[in-house]
Protein chains: 2
Amino acid sequence: MREKAREHMENILAKLREFGLTIYDQLARGEFPRIKIPSRTTSNIIYDPDLRQFVLGDQVVTRSAANIRQVRSFTQLIWVAFFAYKSMLANQPTTLRDLYYNAEAFDIKFKNQQESNDVVADLETILGVPREDFMIFPEERSAVFGDLTIEYTSPDPDYYGKRINLSSHPDGLMIGPSLLTADFVECNADKVIAIETGGLFTRFIAEKVHKKFNAILVHTAGQAPRATRRFLRRLNEELGLPVYILTDADVWGMHIAMVIISGSANAAHLTELTTPDAKWLGVWATDIVRYKLPTDAMTEEDLNRLRLLMRDPRYQDPFWMREINEFLKIKRKAEQQSFSRYGLSYIVKKYLPDKLREVSGR
Amino acid sequence: MREKAREHMENILAKLREFGLTIYDQLARGEFPRIKIPSRTTSNIIYDPDLRQFVLGDQVVTRSAANIRQVRSFTQLIWVAFFAYKSMLANQPTTLRDLYYNAEAFDIKFKNQQESNDVVADLETILGVPREDFMIFPEERSAVFGDLTIEYTSPDPDYYGKRINLSSHPDGLMIGPSLLTADFVECNADKVIAIETGGLFTRFIAEKVHKKFNAILVHTAGQAPRATRRFLRRLNEELGLPVYILTDADVWGMHIAMVIISGSANAAHLTELTTPDAKWLGVWATDIVRYKLPTDAMTEEDLNRLRLLMRDPRYQDPFWMREINEFLKIKRKAEQQSFSRYGLSYIVKKYLPDKLREVSGR
């Protein structure tokens with residue numbers, strides 16, 4: 001199993017070396033080096049109904065060291081590739097912010113962090129590799145709990161080859177670099193339930209949802225960080241586990257589910273962050289009505305956001321349209337925890353089995 | 001060891017029963033029941049320089065079932081005590097939000113969640129017990145990593161009596177109900193370093209800060225949740241470990257440290273959430289100058305907040321005043337990760353040992 005993770009890493013190092021060599025070769029031939037990058041401007045971001053996510057179209061931009069206006073961004077890009085290569089070799093996890101500050105040590109100038117973030121996205125686009133593979137991780141952390149044994153593959157000798165079961169600690173284990181690069185050794189669960197709020201994640205563990213429903217529980221902590229989306233995809237792809245997403249019944253909760261399923265326009269240049277077969281389990285707008293949940297009024301911002309999503313290509317499907325229309329009709333929203341109105345265990349004893357039956361059949 | 005946790009829980013259950021009996025006795029004597037509660041209004045919150053935290057003064061309010069205007073809040077309070085007792089017996093972790101919604105199932109009315117939160121604070125005040133002991137936990141989650149072996153004491157048979165070392169998973173373990181009630185069995189660390197950002201927490205683990213500095217690492221995830229503050233206090237009190245706090249060099253980072261050290265005015269009725277001997281390790285305003293860190297300009301909001309804290313009793317100490325004045329002088333702020341300007345390892349190799357030497361001597 002460990003071979004696979006090693007191979008994956010070798011692969012990416014090889015891509016980075018190859019990228020460096022194309023520059024080097026051009027220089028050796030006495031040419032100004034140039035790079036072609038698929039454009040990430042809005043007009044080149046198109047929705048692919050087969051992949052069920054945003055992808056980049058055919059527009060390409062060129063960065064050339066011969067063009068005085070491009071030499072700055074060209075240099076930045078080469079340095080970012082160097083930074084990525086170095087971090088991978090040193091097995092040193094970093095963040096976008098570390099990269100931004102570290103550039104100063106090399107006299108590479110970025111106007112602000114948005115500029116360095118954009119250059120990292122350029123490198124992702126060129127190589128088709130998400131930055132987490134370059135050891136550049138998001139700040140945000142989320143957690144997992146369930147009967148899955150993993151084996152660490154990162155080169156740290158204190159952990160390399162060691163195993164842990166993800167139900168070892170009943171408050172949950174953090175999803176970070178070590179988990180993301182670990183191999184999945186043995187799994188006794190047959191599904192994944194991703195949960196928006198920490199309170200419900202904790203209660204599900206206490207109420208043994210992982211046993212009763214044979215599930216791995218993932219806490220998304222609001223909008224799922226990229227590392228968490230990637231982990232969900234791996235659970236789905238490598239272990240064949242269906243992924244169900246449980247959020248608040250509002251436009252933001254609905255979109256947490258959508259981003260796990262279909263990704264974001266910002267990540268149109270990457271395919272490894274989505275789980276197209278994941279399902280939004282609830283809480284749906286129609287659940288608010290069906291289960292007579294306690295609600296709050298939607299704000300003007302909520303309603304505007306709903307109207308915006310009506311025109312979003314990811315939502316052009318009878319199921320999603322029905323839910324958006326229902327939200328717009330009732331103009332109310334409800335929280336996951338509002339099921340406590342019927343007793344604290346109601347969501348586990350009644351709602352969850354009802355919805356799993358309904359959604360897994362769709 | 002497990003006896004201690006059991007005793008603690010029995011103690012709180014006894015306090016709740018005793019509270020119920022005083023009501024019951026009054027009813028049995030044919031009286032309208034009444035309760036005296038120390039007042040939590042601003043005028044009754046005073047700073048205690050010996051305890052180094054806010055405490056409540058002598059003002060007391062009375063809730064009486066005989067008073068038509070108090071009968072509502074009186075009933076709410078009795079129900080909240082019932083909810084707490086039930087949650088403890090069932091070992092069922094909940095949140096303030098669960099409690100708010102669950103009230104409806106009992107026909108107990110709350111105007112909004114602020115009202116139910118206030119009644120929970122009433123119960124904390126009366127019994128002198130933080131709500132986490134009633135299994136009411138915050139939504140927010142943070143994490144820990146280090147060479148400390150714990151033993152679970154919560155009555156869940158899957159975990160009761162089991163042990164885990166907190167360095168078992170190199171991405172960190174979540175701080176939740178199970179960790180908070182666990183016994184500390186064996187600790188090989190001699191200090192605690194609490195870190196504001198997730199990126200640095202992850203990097204410290206990768207760079208073996210826990211080994212090089214013999215430290216338990218805690219990720220506060222911004223402002224430390226109450227459960228995390230309580231965990232830090234336990235590490236300090238039960239294991240005698242000094243606690244060092246590393247934050248961004250700005251007014252918000254400084255205050256993250258202060259709330260761990262001296263608590264907040266909101267929690268003036270509780271003493272178990274503070275670690276008065278914890279030290280702010282940095283990044284100080286004076287560190288910005290000394291280490292020539294890359295900075296951003298302070299906003300008007302930052303500056304106003306600094307001026308407010310100048311008059312805050314918790315900051316009336318030459319060290320804190322020096323740092324506030326320095327911030328006001330330079331009008332700049334810096335992030336923890338800005339040390340990456342000198343290379344990614346600089347903060348571990350240079351800044352951390354420098355500051356630990358300096359601060360532990362104070």
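Visitor: Which residues of α6(B) are buried?

Guide: This is a predicted model, and in it the buried residues of α6(B) are B:Gly198, B:Gly199, B:Leu200, B:Phe201, B:Thr202, B:Arg203, B:Phe204 and B:Ile205. Helix α6 of chain B spans residues 198-206, and eight of its nine residues are buried, so the helix is largely enclosed by the rest of the structure.

Visitor: And what does the backbone do just after α6(B)?

Guide: Just after that helix, B:Lys208 takes a positive phi of about 65°. The side chain of B:Lys208 also makes a polar contact with the side chain of A:Asp156, at 2.6 Å.

Visitor: Where does A:Asp156 sit, then?

Guide: A:Asp156 is placed in the loop between β6 and β7 of chain A.

Visitor: Does it count as buried or exposed?

Guide: A:Asp156 has a relative accessibility of 12%, and because the cut-off for buried is under 20% relative accessible area, A:Asp156 counts as buried.

Visitor: What else is A:Asp156 in contact with?

Guide: If neighbours within four places in sequence are left aside, A:Asp156 is in contact with A:Asn91 and B:Lys208.

Visitor: You mentioned β6 and β7 of chain A. What sheet do they form, and in what order?

Guide: They belong to an open sheet of three strands in chain A, ordered β7-β6-β9, with antiparallel pairing. In that sheet β7 (163-165) and β9 (183-187) stand at the edges with a single partner strand each, so one side of each is left without a neighbour in the sheet. Neighbouring strands here are turned by 25° against each other on average, with direction ignored.

Visitor: How many bridges join β6 to β7(A)?

Guide: Three bridges join β6 of chain A, residues 148-151, to β7(A), and the two run antiparallel. One of the pairs can be named: A:Thr149 has A:Asn165 in β7(A) as its bridge partner.

Visitor: Which helix lies across that sheet?

Guide: Helix α8 of chain A, residues 226-239, lies across β6 and β9 of chain A and runs at about 60° to β9(A).

Visitor: Switching topic: how do α9 and α11 of chain A pack?

Guide: Helix α9 (residues 251-262) and helix α11 (residues 300-310) of chain A pack at an angle of about 35°, with their axes 10 Å apart. On the α9(A) side the contact is made by A:Val251, A:Trp252, A:Met254 and A:His255, and on the α11(A) side by A:Glu301, A:Asp302, A:Arg305, A:Leu306 and A:Leu309. By class, that contact has five nonpolar, one polar and three charged residues.

Visitor: Back to chain B. What is covered in β10?

Guide: Strand β10 of chain B, residues 191-195, is mostly covered, with five of its five residues buried. The burial extends to both faces, with B:Lys191, B:Ile193 and B:Ile195 on one side and B:Val192 and B:Ala194 on the other.

Visitor: Which strands does β10(B) pair with?

Guide: It is joined by five bridges to β11 of chain B, residues 215-219, and these two run parallel; B:Val192 stands opposite B:Ile216 in β11(B). β10(B) also pairs in the parallel sense with β12 of chain B, residues 243-246, over four bridges. Among the residues of that pairing, B:Ile193 stands opposite B:Tyr244, and B:Ile195 has B:Leu246 as its bridge partner.

Visitor: What about β12(B), which way do its residues point?

Guide: B:Val243 and B:Ile245 point one way from β12(B), B:Tyr244 and B:Leu246 point the other way, and all are buried. β12(B) also pairs in the parallel sense with β13 of chain B, residues 279-282, over three bridges, where B:Tyr244 has B:Lys279 as its bridge partner.

Visitor: Last one: what rotation superposes chain A on chain B?

Guide: A rotation of 180° with 0.0 Å of shift along its axis superposes them, at an RMSD of 0.0 Å, and that is the relation of a two-fold axis. In chain A, the residue that comes closest to the rotation axis is A:Leu173, at 2.3 Å for its C-alpha. Of the interface residues of chain A, 100% are also interface residues in chain B, so the copies meet through the same surface.

Note on methods. Residues are numbered from 1 along each chain as its sequence is written. Chains are lettered from A and ligands numbered from 1 in the order in which they are written. This is a predicted model: local features need pLDDT of at least 70, side-chain atom pairs count only at pLDDT 80 or more; totals for chains, interfaces and linings use all residues. Side-chain values use heavy atoms; hydrogens and water are left out. Two strands pair if DSSP finds at least two bridges between them. Axes are lines fitted to C-alpha atoms, for helices over the stretch in contact, and angles run from 0 to 180 degrees between N-to-C directions. Contact means heavy atoms within 4.5 Å. Ala, Val, Leu, Ile, Met, Phe, Trp, Tyr, Cys and Pro count as nonpolar, Asp, Glu, Lys and Arg as charged, and the others, Gly among them, as polar. Buried means under 20% relative accessible area, exposed over 50%, partly exposed in between (1.4 Å probe, protein chains only). Copies are superposed by least squares on the C-alpha atoms of residues with pLDDT of at least 70 in both. A polar contact is a pair of N or O atoms within 3.5 Å; within protein, one must be able to donate a hydrogen and the other to accept it, and residues adjacent in sequence count only if both atoms are side-chain atoms.
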